[in-house]
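The structure is shown first.

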Amino acid sequence: MRAVNLDDTEALRAVDKHGMLKLYLGITDNVAKALRLARELEFPEAVRLGTGEIRYSFPPDGLVVAGMGGSAIGGKLLRDLLWDSSKAPIITCEDYHLPSYIGPRYLLVAISYSGNTEETLSAFVEGLRRKCMTIGISSGGLLDWACRELGLPFVKVPSGFPPRGALPFLFLPLLAVADRAGIADVPLLRQAEGLLRLLGDMARELGPEVPVEENKAKELARTAMGTIPVIYGFGPFCSVALRLKTQFNENSKILSFCNCLPGLDHDEIMGWEGEFTDRFTVIFLRDREEDRQMRLRIEATKELIEEAGPRVVELWARGTNRLEKMFSLIYLGDIASIYLALARGIDPYGLKSIQAVKLKMAEAGLLKELKKEISSLKL
Ligand code: PA5
């Protein structure tokens, strides 16, 4: 592995063959486009299928978001965002099957960037069979086809992105869903407009021309270099911690793990008594307004872990509301994970192992079976 100097912009460009840094740094364009798409979302009163009718009647008993990997994180972010204010339960499903209690009074959002992820499509078909109020979000593929064939509400997002780089497109329409379905207590889409300024400011501060000493993303990448990042969140930052972990996995191509306070204080913390602790970088996600109990807990946990010898960093959220705070941390972590890949001389784009498993699974032909089943649901 050759180490690349993070302040050598030419060298960074040479490694970043697919322009991932540029894509991530251009996030505000995509936020603006995604907000426009999200605003257009409309629900029908009913959709008639061969097997009966789906009635869209709000508020639903609950919202289920089905998706995998880069298409799953939006549901978790929404759940955390509305943790203490949601008017209905928000459930995420990363499986072939929906929980048994999901039925016609539930709103099901199936998200698959490619539109061809078998687990998501299987849950989607299951939702249709149970007459859930179903909606799809994707850039194409079978999910796009199915929604058009069956006349289901659908958000078509632009193609050509890696799913993880399409987060604005996969997440912001969920805010429209929550607004329209009467699940949110404040107009979320309007709130999301504040992301444009915040992320724009951050993109300037974290760009390749800004040297390591002044660039928080480069600094984080440099600290994490050669170690396994472990990200600790709490409350709304639990899904944020997961997003950071997955970006270190997918962009930087390294192992990374995450967990949440206060839970980890009751089990995982014991692991810091063991060996190999100096091989990790522990990243605490912080909020200047975290409540007293949480602040005390994070400080106590951090102190104890520091004694075990890993590198320890704190990332402080920015912004004026929870959504902005969550995205400020996500964005910093996303960019840092790209810098870490580049510092390691690795192109952040490719996902060889993910593709290999998908190809192997495709041989079993589940997508063909699901396509047949979708056709049979047609009126
Ligand atoms: O980041 C990725 O590419 C993956 O995590 C994918 O999002 C995941 O495999 C699901 O694919 P899709 O988003 O196309 O449904």
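## Charges over rings

Lys-371 lies over the face of Trp-145, at 4.8 Å from the ring centre. The charged end of Arg-288 is placed over the ring of Trp-316, 4.2 Å from its centre. A charge counts as sitting over a ring if NZ of Lys or CZ of Arg is within 6 Å of the ring centre and within 35 degrees of the ring normal.

The model is predicted: local features need pLDDT of at least 70, side-chain atom pairs count only at pLDDT 80 or more, and totals for chains, interfaces and linings use all residues. Residues are numbered from 1 along each chain as its sequence is written, and side-chain values use heavy atoms, with hydrogens and water left out.

## Aromatic pairs

There are eight aromatic pairs in the structure. Rings of Phe, Tyr and Trp (its six-membered ring) pair if their centres lie within 6.5 Å; planes under 30 degrees apart count as stacked, over 60 as edge-to-face and the rest as tilted. The rings of Tyr-232 and Phe-284 have centres 5.7 Å apart and planes at 70 degrees, so this pair is edge-to-face. Tyr-232 belongs to strand S8 (residues 228-234) and Phe-284 to strand S10 (residues 280-286), so the pair ties together parts that are 52 residues apart in sequence. Strands (E, at least two residues) and helices (H or I, at least four) are DSSP runs, numbered from the N terminus.

Tyr-232 and Phe-284 are both buried. Trp-272 and Phe-280 also form an edge-to-face pair, at 5.6 Å centre to centre and 80 degrees between the planes. Both Trp-272 and Phe-280 are buried; buried means under 20% relative accessible area (1.4 Å probe, protein chains only). One aromatic cluster is formed by Phe-43, Tyr-56 and Phe-58.

## Ligand site

The residues around the ligand (a heavy atom within 4 Å) include Met-68, Gly-69, Thr-117, Pro-163, Glu-250 and Lys-358. Oxygen atoms of the ligand lie 3.0 Å from a backbone N or O atom of Gly-70, 2.6 Å from a polar side-chain atom of Ser-112 and 2.6 Å from a side-chain N or O atom of Ser-114. The protein covers 93% of the 370 Å² of accessible area that the ligand has on its own (Shrake-Rupley method, 1.4 Å probe).

## Helix H5

Helix H5 (residues 118-129) has 12 residues and should span 16 Å at 1.5 Å a residue; its end C-alpha atoms are 16 Å apart, which agrees. The expected span is 1.5 Å times one less than the number of residues.

Of the 12 residues of H5, 10 are buried, so the helix is largely enclosed by the rest of the structure. Among them are Leu-121, Phe-124, Val-125 and Leu-128. Lys-131 follows H5 and has a positive phi, near 65 degrees.

Key
Buried < 20%, exposed > 50% of the residue type's maximum accessible area, 1.4 Å probe, protein only. Polar contact = N/O pair within 3.5 Å; in protein donor to acceptor, adjacent residues only side chain to side chain.
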